[in-house]
Amino acid sequence: MGKQEDFVLRALEERDVRFVRLWFTDVLGFLKSVAVAPAELEGAFDEGIGFDGSAIEGFARVYEADMLAKPDPSTFQILPWRGEGQATARMFCDIVMPDGSPSYADPRHVLKRTLTRAADQGFTFYTHPEIEFYVFRDSPQPGQEPVPVDRSGYFDHTAQSQGADFRREAITMLESMGISVEFSHHEGGPGQQEIDLRYADALTTADNVMTFRTVIREVALGQGLWASFMPKPFTTHPGSGMHTHVSLFEGDRNAFFEAGAEYQLSKTGRQFIAGILTHAAEITCVTNQWVNSFKRLMGGGEAPSYICWGHNNRSAMIRVPMYKPSKVNSTRIELRTIDAACNPYLAFAVVLAAGMKGIEEGYELPPGAEDDVWSLTERERQALGIEPLPRSLQDAIGVAERSELLAETLGEHVFDFFLRNKRQEWMEYRTQVSAFERDRMLPVL
């Protein structure tokens, strides 16, 4: 037992904790939970809590089902939405096999393994997500369009705004769990909100994103509302992304900063961008994993549709924000493709792996896009060497299947299961008859 475990056991007694929820994530990014009594926690730290891995999406086959969830004491927090009285706490878990080895199917381990590879070269990977989502008046009903909680727009301040009240309660709850929030505001769509989490190492951020989604849904339900991270719930309104600012540090030094370089962006930073651009099509299946994700990417608004980078260019897939001379450590890049509904462990892992590949292989960064990429003609984009991102989940799967980088980063089991699941999702989607088809064709055919 270490100091962190001792702290948790003391906190359970001091805070009168009745249940501890052990959280982990399946391959698709859905949160799983098992509740244990405080008396069982010391054993859980030592040996883990056994469960049937074959019942979890993508974890194991029936004949290799036994797995253990080992709580990470550094993630201990009291759940603030449980109200007064005896408290409930949570911890994230690492999934291990009966012999103590890491599970090949655990997304958290996939990210930790990728972070270790970067650490072996002296780098720490930091991420800062801007998470968008919609808030609706009622829970979704089949065949009905959801009703947004308001009709406000980007940065609107509306008197007695239900959206502002919602964000205030959500942020209060997040910060009570140790999750720092940097900004919040109304986004461009009716009922659409954005809350930006403060910079942290990628593993902490991924844990925070999973907690964030749970908190947002709990706050919404508590107010009689419904929150959704669906990438594109409306045809005519903006989709919800998770623009993510990323940087590499070598100790206390920002590896992306170089005084006097163009945009103050170092050779390491340029190679990292080049790596993401080179492998962008391969990793899209993970960063944008749902069939609906491509309605956002191809639907206009501020969602990127093409593989390019630019200085402060919001139409580019990767944006290099304006340099602040007084903030050397703020030099970073912003990746604008990632969905708010992705599996953050896998998404951060493949982004880091692609960037590190650019550094290891010395990729050359192509010229940046200076124009509004959406306003260019197809011929103009081709002349500039700007390729499109995959247009559909089917296209993304086809590229991902041939990707050595993706197979190596995810590991054989996760790679195989993930793509199998995505193929099934595409097959089910393509056989559905949509309202568009009925509205367009029934009157004339």
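## Basis

Local features in this predicted model need pLDDT of at least 70, side-chain atom pairs count only at pLDDT 80 or more, and totals for chains, interfaces and linings use all residues. Residues are numbered from 1 along each chain as its sequence is written, and side-chain values use heavy atoms, with hydrogens and water left out.

## Nonpolar cores

In soluble globular proteins, nonpolar side chains tend to be buried together. A nonpolar core here is a set of buried Ala, Val, Leu, Ile, Met, Phe, Trp, Tyr and Cys residues joined through side-chain atoms within 4.5 Å. Buried means under 20% relative accessible area, exposed means over 50%, and partly exposed lies in between (1.4 Å probe, protein chains only).

The largest nonpolar core has 123 residues. Leu41, Phe125, Leu248 and Phe272 touch the most other members. Helix α9 (residues 344-361) gives the most to this core, with 12 residues. Helices (H or I, at least four residues) and strands (E, at least two) are DSSP runs, numbered from the N terminus. Apart from this core lies another, of 6 residues, including Tyr306, Cys308, Ala316 and Val373.

What does Phe272 touch? Leaving out residues up to four places away in sequence, its contacts (heavy atoms within 4.5 Å) are Phe125, Val246, Leu248, Phe256, Ile333, Val351, Leu352, Gly355, Met356 and Ile359.

## The largest pocket

Rolling a probe the size of a water molecule over the atoms shows where empty space is left. The search uses a 1 Å grid over the protein atoms alone. A cavity is a set of points where a 1.4 Å probe fits but cannot get out. A pocket is an open set with protein on both sides within 12 Å along at least five of seven lines. Lining residues have an atom within 4 Å of a point. Grid points are joined across faces, edges and corners, and a volume is the space filled by probe spheres set on the points.

The largest pocket holds about 1800 Å³ of space. Its lining counts 43 residues, and the closest to its centre are Met230, Lys232, Pro233, Phe234 and Asn292. At least two lining residues come from each of α5 (202-222), β11 (226-228), α13 (412-430) and α14 (435-441). By class, the lining has 23 nonpolar, 11 polar and 9 charged residues. Ala, Val, Leu, Ile, Met, Phe, Trp, Tyr, Cys and Pro count as nonpolar, Asp, Glu, Lys and Arg as charged, and the others, Gly among them, as polar.

The whole structure contains 2 cavities of 30 Å³ or more.

α7 is mostly covered, with 8 of its 8 residues buried. Glu282 and Cys285 are among them.

His245 lies in strand β12 (residues 242-250). Its relative accessible area is 2%, so His245 is buried. The side chains of His245 and Glu130 make a polar contact of 2.9 Å. A polar contact is a pair of N or O atoms within 3.5 Å; within protein, one must be able to donate a hydrogen and the other to accept it, and residues adjacent in sequence count only if both atoms are side-chain atoms. Beyond four places in sequence, His245 is also in contact with residues including Tyr126, Tyr199, Arg319 and Arg332.

Glu425 sits in helix α13. Glu425 counts as buried because its relative accessibility is 15%. A polar contact of 2.6 Å joins its side chain to that of Lys422. Glu425 also touches Gln289, Trp290, Val291 and Leu393, not counting residues up to four places away in sequence.

## Loop residues

Most residues other than glycine have a negative phi. Asp16 has a positive phi, near 55°. Asp16 is in the loop between α1 (3-14) and β1 (17-25), and is partly exposed at 43% relative accessible area. Gln264 also has a positive phi, of about 60°. Its loop runs between β13 (253-254) and α6 (267-278). Is Gln264 buried or exposed? Gln264 is buried, at 18%.

Arg391 lies in the loop between β18 (387-388) and α11 (393-401). Arg391 is partly exposed, at 37% relative accessibility. Arg391 and Lys295 are 96 residues apart in sequence, yet 8.8 Å apart in space, C-alpha to C-alpha.
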